[in-house]
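Work through the exercises below with the sequence and the coordinates open. Each task is followed by a stepwise solution.

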Amino acid sequence: MELKDKVVLVTGSTRGIGLAIAENFLAAGAKVILNGRGEALPETVTLDGDYAYVSGDLGTVAGAKQLAKDALAVYGQVDILVNNAGINQDKLFVGMKDEAIDQVLAVDLRGPIALTQALFKQMLKARAGVIINLASVVGLHGNAGQANYAAAKAGLVGFTKTIAREGALRGVRANAIAPGMIESAMTAALSERVQAQIKDEIPLNRLGQPAEVAQAARFLVENDYVTGQTIVVDGGMTI
Ligand SMILES: NC(=O)c1ccc[n+]([C@@H]2O[C@H](COP(=O)([O-])OP(=O)(O)OC[C@H]3O[C@@H](n4cnc5c(N)ncnc54)[C@H](OP(=O)(O)O)[C@@H]3O)[C@@H](O)[C@H]2O)c1
């Protein structure tokens, strides 16, 4: 699929990986709908191209459905959905509180499922569409302290494969990206000691950049023969 003039919704695109995906797709000539929970894009964000911002909270099913409606109202359609918004609330499983489990599953799994369902119908009808879900290497391999996050991300991988099967006959593709350790607010929250430890485990010996994840998203839109896959972007961390 060519990105030029296509309408892309990127959830959680006020910063980090989502913002890098929005920038990449704008540079390719797409119309991009950015999203976050705030009223407007942060003032520090400057973008070139045809874009809009839609406020919406993926933490509830109602919020996700409303976001689908509001996004469709902007340009009349959504051709490409990037389920990028995500949160983590890490703690060893024995001490993990119900709220931490519920909130992470809500934003990282239930919200994206509700949003996708609301837009999937329109894509099937149009007989075209691309869905990209931001999973994580943690969803493929597990990680101590991230039982809630790993469950949500593994759920996204299974969800991706299923909608890829259901969408295939009507021209709709779905893929996931599993980043390793990418420089963003999410990873900046880790202590320097933990960041250094993780870096040592990465064969390419550095954290990834949000723009490098965006390149994978671009490939997954432009290549028409890839569906149901999870592309790992992790500097070799999980070799
Ligand atoms: N960074 C990594 O190393 C890494 C690794 C593997 C996977 N990932 C995944 O990649 C995605 C992006 O990560 P990131 O590192 O770029 O994260 P980030 O810098 O923390 O950005 C998260 C984005 O999600 C938005 N968001 C959070 N809660 C939301 C909600 N309830 N409704 C709507 N938007 C919400 C935030 O917007 P507001 O705060 O403005 O609402 C922000 O734009 C996530 O799904 C993450 O799990 C990241």
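A nonpolar core is a set of buried Ala, Val, Leu, Ile, Met, Phe, Trp, Tyr and Cys residues joined through C-beta atoms within 7 Å. A residue is buried if 20 or more other C-beta atoms lie within 10 Å of its own, exposed if 12 or fewer, and partly exposed in between, with C-beta atoms placed from the backbone. The model is predicted: local features need pLDDT of at least 70 and side-chain atom pairs count only at pLDDT 80 or more, while totals for chains, interfaces and linings use all residues. Residue numbers start from 1 along each chain as its sequence is written.

**Exercise 1. Describe the largest nonpolar core.**

Step 1. The largest core holds 67 residues.
Step 2. Val8, Ile21, Val32, Val82, Ile177 and Ala217 have the most contacts inside this core. Contact requires C-beta atoms, placed from the backbone, within 7 Å.
Step 3. Helix H3 (residues 98-126) supplies the largest share, 10 residues. Helices (H or I, at least four residues) and strands (E, at least two) are DSSP runs, numbered from the N terminus.
Step 4. With neighbours within four places in sequence left aside, Ile21 touches Val10, Ser13, Val82, Asn84, Ala214 and Ala217.

**Exercise 2. Check the length of helix H8 (residues 210-222) and find where its buried residues lie.**

Step 1. The expected span is 1.5 Å times one less than the number of residues.
Step 2. The buried residues of H8 are Val213, Ala214, Ala217, Leu220 and Val221.
Step 3. Down the axis of H8 they fall within an arc of 115 degrees, so they line one face of the helix. The arc is taken over the directions from the helix axis to the C-beta atoms.
Step 4. Their packing partners are H1, strand S4 (80-83), strand S5 (129-134), strand S6 (172-179) and strand S7 (230-233).

Conventions:
Two residues are in contact if their C-beta atoms, placed from the backbone, lie within 7 Å.
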